[in-house]
Amino acid sequence: MADNPAHEKFNIIEQDNNSMKLSNESPIQELSILPLDPVKEKALLRKLDWHVLPMITILYMLCFVDRINIGNARIQGLENDLGMKGSDYNVALFIFFIPYILCEVPSNMLLKRVKPSTWLSMLMFSWGVITMCQGFTRSYASLVVCRFLLGLFEAGFVPGSFYLISMYYKRYEMQWRFSLFFTGSILSGAWAGLLAYGLAHMAGIGGYNGWRWIFIIEGLLTIAVSLISKFFIADWPHEAKFLNAEEREILARRLQEDTGDAKMDHYDGKAARRIWRDWKMYIGTVMYFGVVNTGYSTSFFTPTILNQLGFTAIRAQVMSIPVYFAAAVCALVVALLTDGLKHRYSLCMIGVLVGTVGYSLLLAQQVLAVSVRYFAVYLITCGGYITQPVVVAWLANNEAGHYKRAVSSAFQISVGNIGGIIASNIYLSWQAPTYVIGYAVSLGLLWLCGLACTIFLVGLWWENRLRDQGKRDHRQQLPPEEIANLGDDHPRFRFTY
């Protein structure tokens, strides 16, 4: 994509992945035409990695622990103490997703106008309080209310964090960073198992059963971290205090060279139509919907599945830990490959195939040894977490413009999380110990993800072909203010796959 003419002046106040917005007061009033110093670029990338990623990755780990620890609490006596029966546990999982799905897009629209450090730390404090409250519930109805509020406050964190990361890095630098961030959710499964193992031994302290201490201690930890997170979460690049004037210029030029003129800095009627009529956002959501079911299935039910394989409740907590470490390694290796090869599709399909083998083994588990069934849990977890972060980065790579990315990333994650609702309702107690319906539905949804990835690939290739043939050049005749707000509809933008 061609760069803008040299010495074009910037008098803008926002930043996009396509360009850095510099205020009138900035000492840098124009971008240099001199080549970027590769040594300074590398130094800037290291600085970004240290300031943007670590804190939100820690927060994501805590976020996911607080979301999935109900699975650990279940096998420590949650259902018996609250008088739960039948599908009550599934309803408690399901209710979380209603506000979670409805509030993600509005949250990202608010985040556009609020400092990320303020908004994300406030959300974290709120869900920490609710997590702790789950440990004091005395009835099933109270638990359901807490799960609803937990979904409400967690809704904005993940899409907001993906949005923030996407504003600092070029397209083929994103996957590695997304996956590093995503390992927070993967390792949370291991950490949740380790914590649950330790906290389960607190049973009887204060008259509380072990499952209550899981919620109380983990909620208190989240609250404590939230109180300091405000000072460590990076804000938008144009207001990030850790960047100096020269670094802002280097960042601006790097992002400008990556996607050029494809901006969407104003939300008006035409921009709204371009966002909501974009087929990529809907196919990207189906991709995420198909694979996130596997992510939630393993997070919510791995302790239960291992318990059903014959492990004691406490041993099941421990046996889940290496599963998540293996998944984290797979996700990071794939991230390096997909950014290095500048290719997404094949790596997505590798994850689908690995998960398919795992589900196939579990569907045939009655004739397999326990060790093989345990290995199958590794395969479905690794397969899901190979594909899940890649589909998020892949959509973000192909949505250009501040508002375009804010809406599309939130929409993908929010609507895609309907897969979590399905995961909450397909592993029913009467299916134990084989869970045939759960495994079969999850396998089908994983291949729905694979089909959507294939459609996405073909659609991007076809659109690039049309642009190479000049069949989108008529958009250059639009009014200048509209051309400047086309986002990835700009005819010079090229999609990645």
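## Surroundings of glutamine 365

Beyond its neighbours within four places in sequence, glutamine 365 is in contact (heavy atoms within 4.5 Å) with Leu309, Arg373, Pro433, Thr434 and Tyr439. The model is predicted: local features need pLDDT of at least 70 and side-chain atom pairs count only at pLDDT 80 or more, whereas totals for chains, interfaces and linings use all residues. Residues are numbered from 1 along each chain as its sequence is written, and side-chain values use heavy atoms, with hydrogens and water left out.

Glutamine 365 occupies the loop between α13 (345-363) and α14 (370-397). Helices are DSSP runs of H or I with at least four residues, numbered from the N terminus. The relative accessible area of glutamine 365 is 5%, so the residue is buried; buried means under 20%, exposed over 50%, and partly exposed in between, with a 1.4 Å probe and protein chains only. A polar atom of the glutamine 365 side chain lies 3.0 Å from the backbone oxygen of leucine 362.

## Positive phi values

Two loop residues are described here. Lysine 342, although not a glycine, has a positive phi of about 55°. Lysine 342 is placed in the loop between α12 (321-341) and α13, and counts as exposed because its relative accessibility is 52%.

Tyrosine 435, also a residue other than glycine, has a positive phi near 50°. The loop that holds tyrosine 435 runs between α16 (418-424) and α17 (436-468). With a relative accessible area of 2%, tyrosine 435 is buried.

## Cysteines

A disulfide is a covalent bond between the sulfur atoms of two cysteines. Under the criterion of a pair of cysteine sulfur atoms within 2.5 Å, the count is 0 disulfides. Cysteine 382 takes part in no disulfide, and the nearest cysteine sulfur, in cysteine 330, is 3.8 Å away. Cysteine 382 is buried, at 7% relative accessibility.

For cysteine 63, the closest cysteine sulfur belongs to cysteine 103 and is 14 Å away, which is too far for a bond. Cysteine 63 counts as buried, with 0% relative accessibility.

## Nonpolar surface patch

A nonpolar patch on the surface is formed by Phe125, Leu227, Ile228, Phe231 and Phe232, which together have about 570 Å² of accessible area. Patch members have over 30% relative accessible area and no salt bridge, and nonpolar side chains (Val, Leu, Ile, Met, Phe, Trp, Tyr) are joined within 5 Å. A salt bridge is a side-chain nitrogen of Lys or Arg within 4 Å of a carboxyl oxygen of Asp or Glu. Accessible areas come from the Shrake-Rupley method with a 1.4 Å probe.

Within this patch, leucine 227 is found in helix α7 (residues 210-229). Leucine 227 is exposed, at 54% relative accessible area.

How values were computed:
Polar contact = N/O pair within 3.5 Å; in protein donor to acceptor, adjacent residues only side chain to side chain. Patch = residues over 30% accessible without salt bridge, like charges linked within 9 Å, V, L, I, M, F, W, Y side chains within 5 Å.
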